[in-house]
Amino acid sequence: MTNRDGREELCTFCQKPRHRVRNMVAGPPGVNICSDCIEICSTIITEDRRKTGGAKGGAAGASAKTLQVPSPRKIVEHLDGYVIGQESAKRAIAVAVYHHYQRIAQGGKKKTDVEIEKSNILLVGPTGCGKTLIAKSLAKLLDVPFAIGDATTLTEAGYVGEDVENLLLKLIQAAEGDIERAQRGIIFVDEIDKIARTTGNVSITRDVSGEGVQQSLLKMLEGTVSNVPPQGGRKHPEQQYIPVDTSNILFICGGTFVGLEEIISRRVGKARIGFESGGDAAANVEVGPALFHKVETEDFVHFGMIPEFLGRLPVVAVLDPLGEAELKRVLTEPKNALVKQFQAMFDLEGATLRFTDGALTEICRKAIVRKTGVRGLRAIMEHLLRDAIFSLPEVGKGAEYVVTEENVSGDKPVKARKPARKKTDEPESGIDAVGEARPA
């Protein structure tokens with residue numbers, strides 16, 4: 001395309017000729033812009049919006065103003081679809097989450113002299129009891145960004161490891177760069193018990209991955225404007241930062257706190273028997289998961305958590321280890337139950353998969369022995385069905401797999417059972433789809 005003078009049109013900004021670009025947009029007479037410059041301008045605007053907290057009054061602002069906060073009962077009902085048991089913990093979490101997002105939703109509507117502080121949550125329970133799943137399910141219900149961080153990778157600023165601001169960067173990435181939406185998200189910090197300070201440490205070195213991390217998290221948990229490096233990693237003076245206000249970010253911290261029950265038992269034992277009994281007081285209190293429900297702030301302090309950190313986690317929810325009955329429900333009831341997942345996998349190949357009640361019971365018993373909670377269930381199922389899945393594409397459609405107690409106990413591998421053929425078909429050879437003779 002040429003202009004009135006017969007010369008090829010040039011981009012007013014980069015001076016590229018028409019034949020070197022995909023498209024050329026004509027503006028006022030003599031002014032053109034090429035597709036390359038349009039893409040560059042779009043990138044600059046997007047980056048500017050990301051750094052300044054998103055476009056005010058846009059989609060992000062509208063979503064924040066129209067935030068629909070479900071009632072605590074609705075929150076519990078939603079969690080019931082994913083998390084089995086833990087009724088007391090789900091109620092405590094539902095109330096805390098409701099108050100937190102109700103505070104955000106009403107923040108711009110009612111002006112009062114009373115400032116409601118946010119209530120971050122501390123989840124205490126054994127591995128595989130549903131701590132991470134609860135946090136994920138809450139974020140899905142509320143339609144807010146969600147990020148998971150591991151406390152074991154964090155160190156105090158200036159030392160080898162990750163700064164605590166990297167938790168905020170993960171949330172920004174989950175919000176696809178929308179800062180305003182990220183500032184209403186949920187961050188789950190796992191393995192929080194691993195940053196307990198080292199008691200009785202005589203070393204002159206700093207506890208940079210323990211108490212130092214707790215100190216670094218204080219302001220972030222309470223609410224402050226943190227400067228987040230856009231590319232992650234360590235900060236340096238010449239770097240451009242993304243300011244993020246953490247006042248409305250809900251922090252959920254989870255940990256197993258192995259050994260905390262002994263601390264609780266000593267305190268409870270002394271309270272029952274008296275201080276004169278000395279160290280033998282704890283011997284009169286049975287140590288077990290039920291003791292976690294009697295936990296007090298002083299117990300966490302003895303464990304190694306600093307009081308200032310605990311003060312920013314006012315809601316403590318205790319999750320119980322899952323027994324055989326709960327594990328069996330986990331296998332079958334939730335929306336994403338393991339049995340349903342594997343059945344869907346077999347269904348993709350045109351096969352069916354069934355489990356007998358005895359097989360499910362034996363799977364749960366094996367998981368309890370492993371002491372890894374729900375995570376143990378998946379490991380057992382993967383090992384149990386590995387060979388069957390390996391040969392599944394070659395077996396053909398219409399095959400039926402029935403998992404029995406003998407299969408789980410290891411006495412018999414899971415084999416395919418072909419459906420009975422019609423009389424018009426060729427006579428059966430007496431060999432099933434996986435090459436084993438069938439009894440007459």
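Student: What is the phi of Glu176, the residue that follows α6?
Tutor: Before the value, note that this is a predicted model, where local features need pLDDT of at least 70, side-chain atom pairs count only at pLDDT 80 or more, and totals for chains, interfaces and linings use all residues. Residues are numbered from 1 along each chain as its sequence is written, and side-chain values use heavy atoms, with hydrogens and water left out. Helices are DSSP runs of H or I with at least four residues, strands are runs of E with at least two, and both are numbered from the N terminus. Glu176 comes after α6 with a positive phi, near 55°.

Student: And α6 itself, how many of its residues are buried?
Tutor: Buried means under 20% relative accessible area, exposed over 50%, and partly exposed in between, using a 1.4 Å probe and protein chains only. Among the buried ones are Glu165, Asn166 and Leu169. Helix α6 (residues 165–174) is largely enclosed by the rest of the structure, because its buried residues number 7 of the 10.

Student: How many disulfides does the count come to?
Tutor: The test is a pair of cysteine sulfur atoms within 2.5 Å. By that rule the count is 0 disulfides. Take Cys34: its nearest cysteine sulfur belongs to Cys37, 3.6 Å away, and Cys34 is in no disulfide.

Student: How are α3 and α5 oriented to each other?
Tutor: Axes are lines fitted to C-alpha atoms, for helices over the stretch in contact, and angles run from 0 to 180 degrees between N-to-C directions. Helix α3 (residues 72–80) packs on helix α5 (residues 131–142) at about 120°, axes 10 Å apart. Under 35 degrees is roughly parallel, over 145 roughly antiparallel, 65 to 115 roughly perpendicular, and the rest oblique. That's why α3 and α5 come out as oblique.

Student: Which residues of α3 meet α5?
Tutor: Contact means heavy atoms within 4.5 Å. On the α5 side you'll find Ile134, Ser137, Leu138 and Leu141. The α3 side supplies Ile75, His78 and Leu79.

Student: At what angle do the axes of α14 and α15 cross?
Tutor: Helix α14 (residues 357–370) and helix α15 (residues 374–395) bring their axes within 9 Å. One of the α14 residues in the contact is Cys364, which is buried at a relative accessible area of 0%. The pair is oblique, with a crossing angle of roughly 125°.
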